[in-house]
Amino acid sequence: MARTISYITGSELLSLKERANVAIVDVRDEERSYDGHIAGSLHFASDSFVDKIPSLVQAAKGKDTLVFHCALSQVRGPKCARRFADYLAQGKNDAGIKSIMILERGYNGWEASGNPVCRCSGPTCTGSLGAKRNIPILTKPYVGLKSSTLNLTKKCVIM
C-alpha cells in the first residue's frame, strides 16, 4: 500500500509534538552537530539513511507519526520520507506508522521562527518539547514571551 506524505508547519508540529506518539526524524548530515536540532528528534543522516531504515523502525517503535526534516526540507527530508514510505510499502515492517510528514521550511525555518532548539550530541536527543512547554536549552531568546511564562529546564544531555 502506497503511503501519502504530507507537509506540516512548525506551529502544527509544536501542537502535534505534545502527543507521545510522534517522532521527529532529522536527516541532516554533519550540520546537526554544530547547528543544533529540534528537541527530542532522532538523527538518521541522509547519506546513510537507506542502510539505517531498519534501525529507524526500531527507534520509532510505539510511534504512529514520523516527521522528517533536513535544513530546508526541500531535498533530503522529502527524499528520506519517500524512501521510508517505500520501505513500508514493501511490507518489510509497518511498525504501526500511520502518518509520514515533512516539516515545512525544515530546521532552518523552525529555528528562524523562534522555536526551541537543543544542542546536545548523540543520535537520539533526550529533550522534549512537552505538553507544558518545558523548553530544553534555548539558544536564543524566545521572542514574544515573558521568561516567567516558560518553564526552562535542561532536559537535553550529552549522550
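How much accessible surface does the chain have, and what share of it belongs to carbon and sulfur atoms? The accessible surface comes to about 8,000 Å², with 53% belonging to carbon and sulfur atoms. Areas come from the Shrake-Rupley method with a 1.4 Å probe; for residues, only the protein chains shown count as cover.

## Model basis

This is a predicted model: local features need pLDDT of at least 70, side-chain atom pairs count only at pLDDT 80 or more, and totals for chains, interfaces and linings use all residues. Residues are numbered from 1 along each chain as its sequence is written, and side-chain values use heavy atoms, without hydrogens and water.

## Fold

The chain has 5 helices and 7 strands. These are DSSP runs (helices H or I, at least four residues; strands E, at least two), numbered from the N terminus. Their order is β-α-β-α-β-α-β-α-β-α-β-β.

Of the 159 residues, 47% count as buried (under 20% relative accessible area; exposed is over 50%, partly exposed in between; 1.4 Å probe, protein chains only).

## Cores

A nonpolar core is a set of buried Ala, Val, Leu, Ile, Met, Phe, Trp, Tyr and Cys residues joined through side-chain atoms within 4.5 Å. The largest has 22 residues. F49, L56, L66, F68, F84 and I100 have the most contacts inside it. β2, α3, β4, α4 and β5 each supply at least two of its residues. α4 gives the most, 6.

Beyond neighbours within four places in sequence, F84 is in contact (heavy atoms within 4.5 Å) with F49, I53, L56, V57, L66, F68, I97 and I100. Another core, of 13 residues, lies apart; L14, L16, V22 and W110 are among them.

## G109

G109 sits in helix α5, residues 106-112. G109 counts as buried because its relative accessibility is 7%. Its C-alpha atom is 9.4 Å from that of T9, 100 residues apart along the chain.
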